Amino acid sequence: MLLTHHLFIPFFTYYLSLQIRSSYGQQQQQRLQLSDTSVDEWRGYFRKEHSLAKPYQGNGMGIPYWDIQGTTIVTGQYVRLTADTQSVQGGIWNNVPVNVRDWELHVNFAIHGSTGDLFGDGAAIWYVQDPAQTGPVFGSKDYFRGLGIFLDTYSNHNGPHGHGHPYISAMINNGSLHYDHDMDGTHTQLGGEHTGCEAKFRNKQHQTQIMIRYVGDVLSIYTDVLGTGQWKECMSVDGVQLPTGYHFGITAATGDLSDYHDIISVRMFEQEFAHVQHGTGVTVDPRQREPYAQNVAAPRDHIDQPPASKLGWIGTTVLVILGGALCVLVLWFGVIFVNHRQQMSKKRFY
């Protein structure tokens, strides 16, 4: 009987570990299969207190669970963070802290404007410790603690660039890092300088959506900007550590260039995930975790660059043509002047 007892305990422990690993593997596989799935497919538990949908306003003038900031206005069809006006900022912030470790956030948005070639600056989706603080990073504070997802519509990087704009990227910050606008955030980009995706979401007649999924310390971003109704993977990075108790927010900003930045809806879903403890097996309070990412862009010095031309390719082409025409005109007058001098010189000898 004693022998049977000693054999049963190791066998049961081994069986339990296999079940946990199997569950972990299934979750990993599920995370990798979200491309080409329907944007209307829901996973997990819908959390109303972290979501935003029509009609936006409650009994009063405010939005339940959300605070508005800056130039934000609420209409019956959208929440407009900024109008197509220069040098403005707006935002909405969820005033309920997120107390779940794994989640999925769907944002239906529209960024549009009257200009076809010149527009900016963009929007950001946040999961941060200190909400509703204005600043230079798409309308929110620099040196933040938490996660920022940037929908950058204008390239400030004047020089060789590995991608076009609009561009979606992410950043994890523990409060010590500066978001470098001049380099479009590539110095602190999550996953490395080239981890992100081009997303042509401006001036679309159909819905444009983004999904941010944080499950099992893996941050994944999916988009539907083509109106197909299916998610396409933008990026996925593991080794991302975020605490609970932070706040969601969405901000936008314009500068010399501008756009309308509208939010149509926000839906948040709590996810189930079997977290496996490693090492000592001591469970760390998720509220005490430090924002951290294993994979980030390699650090390098900031190099000042001359400001990029804001004429666009059409304006630049016109300037080149005018410059060429001016050169031809000067050359033509020069030839006429030389011929005239030669003729005058010949007359002196007669």
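Predicted model: local features only at pLDDT ≥ 70, side-chain atom pairs only at ≥ 80, totals over all residues.
Phe138 belongs to the loop that joins strand 7 and strand 8. Its phi is near 50°, a positive value in a residue other than glycine.

Asp36 also has a positive phi, near 70°, and is likewise a residue other than glycine. Asp36 sits in the loop between helix 1 (2-32) and strand 1.

## Cis peptide bonds

The bond from Lys54 to Pro55 is a cis peptide, with omega near -10°. Pro55 is placed in the loop between strand 1 (45-46) and strand 2.

A cis peptide bond also runs from Gly120 to Asp121, and here omega is near 0°. Asp121 is in the loop that connects strand 6 (103-112) with strand 7.

An open sheet is built from 7 strands in the order 2-5-15-7-8-9-10, and the pairing is antiparallel. Strand 2 (66-70) and strand 10 (197-198) are the edge strands; each has a single partner strand, so one side of each has no neighbour in the sheet.

Within this order, strand 7 (residues 122-128) pairs with strand 8 (residues 145-152) in the antiparallel sense, over 7 bridges. One of the contacts to strand 8 is made by Ile125, whose bridge partner there is Ile149.

## Aromatic pairs

The number of aromatic pairs comes to 14. Among them is the pair of Trp42 and Phe46, which is stacked, with 5.6 Å centre to centre and 25° between the planes.

Phe150 and Tyr179 form a tilted pair, at 4.7 Å centre to centre and with 50° between the planes. Phe150 is in strand 8, while Tyr179 is in the loop between strand 9 (167-174) and strand 10, so the pair ties together parts that are 29 residues apart in sequence. Phe150 and Tyr179 are both buried. Elsewhere, ring pairs join Trp103, Tyr127, Tyr214, Tyr246 and Phe248 into a cluster. A charged side chain also meets a ring: Arg202 lies over the face of Phe119, 3.7 Å from the ring centre.

## Salt bridges

The whole structure contains 13 salt bridges. One of them links Asp217 with Arg289, and the closest N and O atoms are 3.0 Å apart. Asp217 is in the loop between strand 11 (208-215) and strand 12 (218-224), and Arg289 is in the loop between strand 16 (260-270) and strand 17 (292-293), so this pair ties together parts that are 72 residues apart in sequence. Arg289 is buried, with a relative accessible area of 10%.

Arg287 forms a salt bridge with Asp285, with 2.9 Å between the closest N and O atoms. Arg287 is exposed, at a relative accessible area of 55%, whereas Asp285 is partly exposed at 28%. Through shared partners, salt bridges join Glu41, Arg43, Glu104 and Arg213 into one network. The pair of Glu49 and Arg47 is also a salt bridge, its closest N and O atoms being 2.5 Å apart.

## Nonpolar surface and a contact across the sequence

Leu326, Leu329, Val330, Trp332, Phe333 and Ile336 make a nonpolar surface patch of about 620 Å². Of these, Leu329 lies in helix 2 (residues 312-348). Leu329 has a relative accessibility of 41% and counts as partly exposed. Patch residues need over 30% relative accessible area, so Leu329 passes that cut-off.

Val296 is in the loop between strand 17 and helix 2. Val296 is partly exposed, with a relative accessible area of 42%. Val296 and Thr186 are 110 residues apart in sequence, yet their C-alpha atoms are 9.5 Å apart in space.

Key
Residues numbered from 1 in each chain as written. Heavy atoms only, no water. Pairing = 2+ DSSP bridges. Helix = DSSP H or I, 4+ residues; strand = E, 2+ residues; numbered from the N terminus. Patch = residues over 30% accessible without salt bridge, like charges linked within 9 Å, V, L, I, M, F, W, Y side chains within 5 Å. Areas by Shrake-Rupley, 256 points an atom, 1.4 Å probe, with all protein chains shown as cover. Salt bridge = Lys/Arg side-chain N within 4 Å of Asp/Glu carboxyl O. Buried < 20%, exposed > 50% of the residue type's maximum accessible area, 1.4 Å probe, protein only. Phe/Tyr/Trp six-rings, centres within 6.5 Å; stacked < 30°, edge-to-face > 60°. Lys NZ or Arg CZ within 6 Å of the ring centre and 35° of its normal.
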